[in-house]
Amino acid sequence: MAKKKKNYLKGRVRVVLAGVGAVAVLALVLHLCYRSHTGKDQWTKGKEKEFYLNDYNDAHLRAAQKHGIEPIQSRDGLDFESVQGLEKISDCDLYAVDNLTHSVPYLTHNAKLLLERIGQDFQDSLAARGARKYKVIVTSCLRTLDDVENLTKVNQNASPRSAHCYATTFDLAHARYIDLPSDGKPISYAEMKIVLGNVLKELRKRRWCYALIEERQSCYHITSRR
Ligand SMILES: [Zn+2]
């Protein structure tokens, strides 16, 4: 009787183990299918891995207050060209400027230089990989205090103490880019997000900027430290 019970238990253990094994194999197969389908594999397997740039808003704000302009209350009747310390940014080979709704296309001289540097380094990194040429897209720039107030009504995430008010800070889309006529292999936006992230990581290390990844807005939030 005892032997029978022992054999019965052994059988049950085997069935459970086989079940666990089958589930594990199935999970692995599904995982590999997903990876090869999304093209994530070559990046996670290679040297470059996804990472997070997460300088807090306080760091951005301190740099902005140190290097930026005095915040502007309102756009009404204001000629931004006449504001000292501001330079206009417009579409060029290195970056495109989105249709801005809650900001105006102006930055400090050094923030503009930083933007150009990022655009150039991004294209150099793509070229080094034999990839096609793309340019980054600016999705937000200088905000007036009124812009920030209106934005906080729409986006709960927007901070009332925004570094964008000092013209030192801009956002770059990380989920879309502009394709430029060129040779080379096409690469996915997901890969370009990592390439751009690495460019920012390098410049951050050299104290050119602070950077924060904003997943909900699909952008990198960047502040010049000069
Ligand atoms: Zn931002």
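Strand β5 (residues 169-173) is mostly covered, with five of its five residues buried. Here a residue is buried if 20 or more other C-beta atoms lie within 10 Å of its own, exposed if 12 or fewer, and partly exposed in between, with C-beta atoms placed from the backbone. Strands are DSSP runs of E with at least two residues, helices are runs of H or I with at least four, and both are numbered from the N terminus. The model is predicted; local features need pLDDT of at least 70, side-chain atom pairs count only at pLDDT 80 or more, and totals for chains, interfaces and linings use all residues. Residues are numbered from 1 along each chain as its sequence is written.

In a regular strand the side chains alternate between the two faces of the sheet. In β5, T169, D171 and A173 point one way. F170 and L172 point the other way, and all of these residues are buried.

β5 pairs with two strands; two strands pair if DSSP finds at least two bridges between them. Strand β4 (residues 134-140) and β5 pair in the antiparallel sense over two bridges. L172 of β5 is the bridge partner of V138. Strand β8 (residues 219-224) also pairs with β5 in the antiparallel sense, over five bridges. A173 stands opposite C219 in β8, and T169 stands opposite T223.

β8 is mostly covered too: six of its six residues are buried. C219, H221 and T223 point one way from the strand, whereas Y220, I222 and S224 point the other way. β8 is also joined to β7 (209-214). Six bridges link β7 and β8, and the two run antiparallel. C209 stands opposite S224 in β8. β7 and β8 form a hairpin with four residues between them. In the turn, S218 has a positive phi of about 50°.

Positive phi values also occur in two loops. A167 is not a glycine, yet its phi is positive, about 70°. A167 is found in the loop between α5 (145-154) and β5. A167 counts as buried because 31 other C-beta atoms lie within 10 Å. R207, also a residue other than glycine, has a positive phi near 65°. The loop that holds R207 lies between α6 (189-205) and β7. R207 counts as exposed because it has 10 C-beta neighbours inside 10 Å.

Helix α6 precedes R207. α6 has 17 residues and reaches 24 Å from its first C-alpha to its last. This is close to the 24 Å expected at 1.5 Å a residue, where the expected span is 1.5 Å times one less than the number of residues. The buried residues of α6 are M192, K193, I194, V195, L196, V199, L200 and L203.

The protein chain contains six helices and eight strands. Along the sequence they follow the pattern α-α-α-β-β-β-α-β-α-β-β-α-β-β. Of the 226 residues, 30% count as buried. Two residues are in contact if their C-beta atoms, placed from the backbone, lie within 7 Å. Among contacts with a separation of 6 or more, 73% involve residues 24 or more positions apart.

The pLDDT, the predictor's confidence in each residue from 0 to 100, averages 86 over the protein chain, and 77% of the residues score at least 70. Over residues 32-48 the pLDDT is below 50. Beyond near neighbours in sequence, this stretch has 11 contacts in the model. Where pLDDT is low, the predicted coordinates should not be read in detail.
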